[in-house]
Amino acid sequence: MAAPLPTPAVALAIAAHPDDIEFCCGATLARWARDGCVVHHLICTDGSKGTWDPDADLGALVERRRIEQRAAAATLGATGEVVFLDEVDGTLVANPMTVARVAHTIRRLRPDVV
């Protein structure tokens with residue numbers, strides 16, 4: 001069994017879609033939050049493709065995904081910010097503008113771990 005990772009003071013989890021963070025590293029973030037780490041979430045897309053309903057109200061869907069993401073962060077014990085870049089789901093690319101926006105968030109939040 002590997003030794004647990006040391007708890008950073010500040011962590012930033014970055015994911016393309018709402019709920020990716022919880023599936024990929026939720027347990028680690030919950031443990032760090034429990035141990036006093038300020039955990040931030042950065043979600044790059046708006047979650048607007050998260051339905052099979054072709055008649056869905058996309059504005060309402062995006063708002064629901066934002067509410068769900070904030071609730072998920074709170075459930076994990078996160079006390080930091082939940083930041084949304086609001087790129088349209090399915091169109092995220094690592095172009096200079098997106099990279100700059102992610103870099104700006106990292107510089108502003110100053111996490112010890114990304």
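**Close-up views of a predicted model**

**Figure 1. Pairing of β1 with β2.** Strands β1 and β2 run parallel and are joined by six bridges. The model shown here and in the following views is predicted. Within this pairing, Leu12 has His40 of β2 as its bridge partner. Strand β1 (10–15) is mostly covered, with five of its six residues buried.

**Figure 2. The open sheet and the pairing of β2 with β3.** The sheet is open and consists of three strands in the order β1-β2-β3, with parallel pairing. Its edge strands are β1 and β3, each of which pairs on one side only. From one strand to the next, the twist averages 15°. Strands β2 and β3 run parallel and are joined by four bridges. Thr45 stands opposite Glu87 in β3. Helix α2 (residues 58–75) packs on this sheet, where it touches β2 and β3, and its direction makes about 150° with that of β3. Helix α3 also packs on the sheet; it touches β1, β2 and β3, and its direction makes about 170° with that of β3.

**Figure 3. Helix α2 and its buried face.** Helix α2 comprises 18 residues and reaches 25 Å from its first C-alpha to its last, close to the 26 Å expected at 1.5 Å a residue. Its buried residues are Leu61, Val62, Arg65, Arg66, Gln69 and Ala73. Viewed down the axis of α2, these buried residues fall within an arc of 140°, so they line one face of the helix. They pack against α1 (20–34), β2 and β3. On the other side of α2, the residues Ala74 and Thr75 are exposed.

**Figure 4. Helix α3 and its buried face.** Helix α3 (residues 96–109) comprises 14 residues; from first C-alpha to last it reaches 20 Å, close to the 20 Å expected at 1.5 Å a residue. The buried residues of this helix are Thr98, Val102, Thr105 and Leu109. Down the axis of α3, they fall within an arc of 60°, so they line one face of the helix. The cover over these buried residues includes β1 (10–15), β2 (38–45) and β3 (82–87). Pro96, Met97 and Arg107 are exposed and lie on the face of α3 turned away from its buried side. Following α3 is Arg110, which has a positive phi, near 50°.

Figure 5. His41 is located in strand β2. This residue is buried, with a relative accessible area of 0%. Neighbours within four places in sequence left aside, the contacts of His41 include Leu12 and Ala13. Its contacts also include Ile21, Glu22 and Leu29. Gln69 and Ala73 are likewise in contact with His41, and both belong to the buried residues of α2. Further contacts of His41 are Leu76, Ala78, Glu81, Val82 and Val83.

Figure 6. Phe84 is found in strand β3. With a relative accessible area of 12%, Phe84 is buried. Residues up to four places away in sequence not counted, Phe84 touches Ile43, Arg66, Gln69 and Arg70. Two of these, Arg66 and Gln69, are among the buried residues of α2. Gln69 is also in contact with His41. Phe84 and Arg31 are separated by 53 residues in sequence and by 23 Å in space, C-alpha to C-alpha.

Figure 7. A disulfide is a covalent bond between the sulfur atoms of two cysteines. With a pair of cysteine sulfur atoms required to lie within 2.5 Å, the count comes to zero disulfides. For Cys24, the closest cysteine sulfur is that of Cys25, at 6.4 Å, too far for a bond. Cys24 is exposed, with a relative accessible area of 66%. For Cys44, the closest cysteine sulfur is that of Cys24, at 13 Å, which is likewise too far for a bond. Cys44 counts as buried, at 6% relative accessibility.

Methods:
Residues numbered from 1 in each chain as written. Predicted model: local features only at pLDDT ≥ 70, side-chain atom pairs only at ≥ 80, totals over all residues. Heavy atoms only, no water. Helix = DSSP H or I, 4+ residues; strand = E, 2+ residues; numbered from the N terminus. Expected span 1.5 Å × (residues − 1). Buried < 20%, exposed > 50% of the residue type's maximum accessible area, 1.4 Å probe, protein only. Arc of directions from axis to C-beta. Contact = heavy atoms within 4.5 Å. Pairing = 2+ DSSP bridges. Axes fitted to C-alpha atoms, helices over the stretch in contact; angles between N-to-C directions.
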